[in-house]
Amino acid sequence: MTKAGAAAMSRRDRLLVFGGLMLASLMSSLDATILGTALPTIVGELGGLERIAWVSTAYVLATSVTMPLSGKLGDLYGRRPVFVAGLLAFLTGSAACGAAPSMDWLIAFRAVQGAGAGALMASNFGLAADLFEPRERARYQGYAAINFAVSSLAGPLIGGFFTEHLSWRWVFYVNIPLGAIALVTALVFLRLPRPEGRPPRVDYPGILLLGGAVVCFTLLTSWAGTRYGWTDPVILGLAAGTAALLALWTAAERRAAEPVIPLSLFRNRSYAVACAVALAGGAIGFALATYLPMFFQTVGGVGATDSGLLLLPMMLGLLAASMGAGRYIHATGRYHRLPAASMAVGAAAIVLLATMTAGTGPVTAGLFMAVLGFGTGLSQQVVMLVAQQAAPKRDMGAAGSGVFAARMVGTAAGMAVFGGVLSSRFATEIAARVPAGTVPAYDDVVRPEFLSTLPDPVRDDVAQASAEAFQVLFLTALPVALAGLAAALLLRNVPLTSPPGGRGGPGR
């Protein structure tokens, strides 16, 4: 934080603002998980089953597009106005979603919500850097892991409670009081100096090209292997569009006066390593976590709600590691081995998960998932600290958004690749066990109501085939973890200091 910013805000004010940031972060992350249990009721009331996937896709698309843009706008105009604008957009979208009269309107308002969420996420990264010095920031960023754990576990439960006892509309209305508190703390207590030294010059070509690439990539990872086959012209077109737009964006950023994400950041070893570890962590941590409940449902015959609760050991491991890493950095000032430890523990967890079979008990599976969560937590917040430490003060928001975008890319790509591996391997395994003409598709197998209709011998074959398919899926993630480990070992220990205001930063 700058001296001017420190003089303008007392420690009490900074802690109050940080509390508001955590509320805003909880809102945006909770909204990605709370909706799942309410969707069947929403479809029953509003109709539009064929468009139901867009309720989530519109939110993710808008978030992915606005997050890097908001990080850069915060660098140019100050993070307070961007944060407030994001809150207002999110609250407006929440109220409108709650009052939506049709599925089309709900999808449109979810895009407004997602746009606000992208601004909130980007602002949170930069504001944490403005509020706290690096060693102190590490401890507070560790607390942010609580939001992820709470939203992942409580989101489906809260959504189900509201839907059953109040109305599905309260899934959205609940954001309004939380957002109002965060808005008040920002308006009353957040006082930071505006950026100095350069007139804002917005990189419109870079914004459009990067936004188009993000949209194409998000649709690619959402549709490949599900709505369309991997060789379908739509998927091939989205892949080509992603590559072409990224190439054009790279060329445009080389000439831009104020690029959305300065390419010079990637010439900094620390920043490049942070992005690589974030990408690998997104794939082996968050993407794998998406498929773990499916393992318990198809292999263990566990219900949907119970399979989600079985993720608790992973969330607890992630929470313990994130907070422990923050306290360790705050006490010692050292951080450079934590990303490597994260990837090494993650690789060990993947090997353990690959040993699971239909006979693996919940206690053993829980221990394996706790190891995976612990590995993920060791780097979740640390890579953000590394990126902010490597970036000059003027590009702090863009640097943070770039690392978070790398994690989102890793998660999305991991989900697409692992999903393709899983369905393909299952088809091979089940065909070898079930007589021709009675082979169930994996899309049917993942539905609990379908599994309950199968005869016991066929259900046992499905469990065995799923277990074999998941073993291959887990082993597919192992090279990703090892690549992340190789990248993390290149990270040098650079003393934690306030980032410089001029060009360049530590860690080159």
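Asp203 is a buried residue, with a relative accessible area of 9%; buried here means under 20% relative accessible area, exposed means over 50%, and partly exposed lies in between, using a 1.4 Å probe and protein chains only. The model is a predicted one, in which local features need pLDDT of at least 70 and side-chain atom pairs count only at pLDDT 80 or more, while totals for chains, interfaces and linings use all residues. Residues are numbered from 1 along each chain as its sequence is written, and side-chain values use heavy atoms, with hydrogens and water left out.

Asp203 sits in the loop between α10 and α11 (204–223); helices (H or I, at least four residues) and strands (E, at least two) are DSSP runs, numbered from the N terminus. Once neighbours within four places in sequence are set aside, Asp203 is in contact with Glu253, Ala256, Glu258, Pro259 and Val260, where contact means heavy atoms within 4.5 Å. Arg255 is 52 residues from Asp203 in sequence, and their C-alpha atoms are 9.9 Å apart in space.

Now for the chain as a whole. The protein chain has 22 helices and 0 strands. Of its 508 residues, 53% count as buried. Taking the contacts between residues at least 6 apart in sequence, 84% join residues at least 24 apart.

Helix packing comes next. Two packed helices are described by the angle between their axes and the distance between the axes. In this model, axes are lines fitted to C-alpha atoms, for helices over the stretch in contact, and angles run from 0 to 180 degrees between N-to-C directions. Helix α15 (residues 312–332) packs with helix α17 (residues 362–380) at an angle of about 30°, their axes lying 6 Å apart. That angle makes α15 roughly parallel to α17; angles under 35 degrees count as roughly parallel, over 145 as roughly antiparallel, 65 to 115 as roughly perpendicular and the rest as oblique. The crossing of α15 and α17 is right-handed; a crossing is right-handed if the near helix is turned clockwise from the far one by less than a right angle, and left-handed if anticlockwise.

On the α15 side, this contact involves Pro313, Met314, Gly317, Leu318, Ala321, Ser322 and Ala325, which meet residues of α17 including Gly366, Met369, Phe374, Gly377, Leu378 and Gln380. By class, the contact of α15 with α17 has 10 nonpolar, 7 polar and no charged residues; Ala, Val, Leu, Ile, Met, Phe, Trp, Tyr, Cys and Pro count as nonpolar, Asp, Glu, Lys and Arg as charged, and the others, Gly among them, as polar. Ala321, a residue of helix α15, is buried, with a relative accessible area of 2%. Leaving aside neighbours within four places in sequence, Ala321 is in contact with Phe374, Gly377 and Leu378. Ala321 and Gln380 are 59 residues apart in sequence, with 9.1 Å between their C-alpha atoms.

A second pair of helices can be followed in the same way. Helix α5 (residues 79–98) and helix α10 (residues 175–189) cross at roughly 165°, and their axes come within 10 Å. That makes α5 roughly antiparallel to α10, and α5 passes α10 in a left-handed crossing. Among the contributors from α5 are Phe83, Leu87, Phe90 and Leu91, while those from α10 include Ile176, Ala180, Leu183 and Leu187. By class, the contact of α5 with α10 has 13 nonpolar, 3 polar and 1 charged residues.

Charged pairs complete the tour. Side chains of opposite charge can pair when their charged atoms come close. The whole structure holds 3 salt bridges, each being a side-chain nitrogen of Lys or Arg within 4 Å of a carboxyl oxygen of Asp or Glu. Arg169 counts as buried at 17% relative accessibility, whereas Glu45 counts as partly exposed at 47%.

Asp13 and Arg12 also meet through their side chains in a salt bridge (3.0 Å, N to O). Asp13 is buried at 5% relative accessibility, and Arg12 is exposed at 54%. Glu429 forms a salt bridge with Arg425, the closest N and O atoms being 3.1 Å apart. Glu429 and Arg425 are 4 residues apart in helix α19 (residues 396–431), so about one helical turn separates them. Glu429 is buried at 12% relative accessibility, while Arg425 is partly exposed, with a relative accessible area of 33%.
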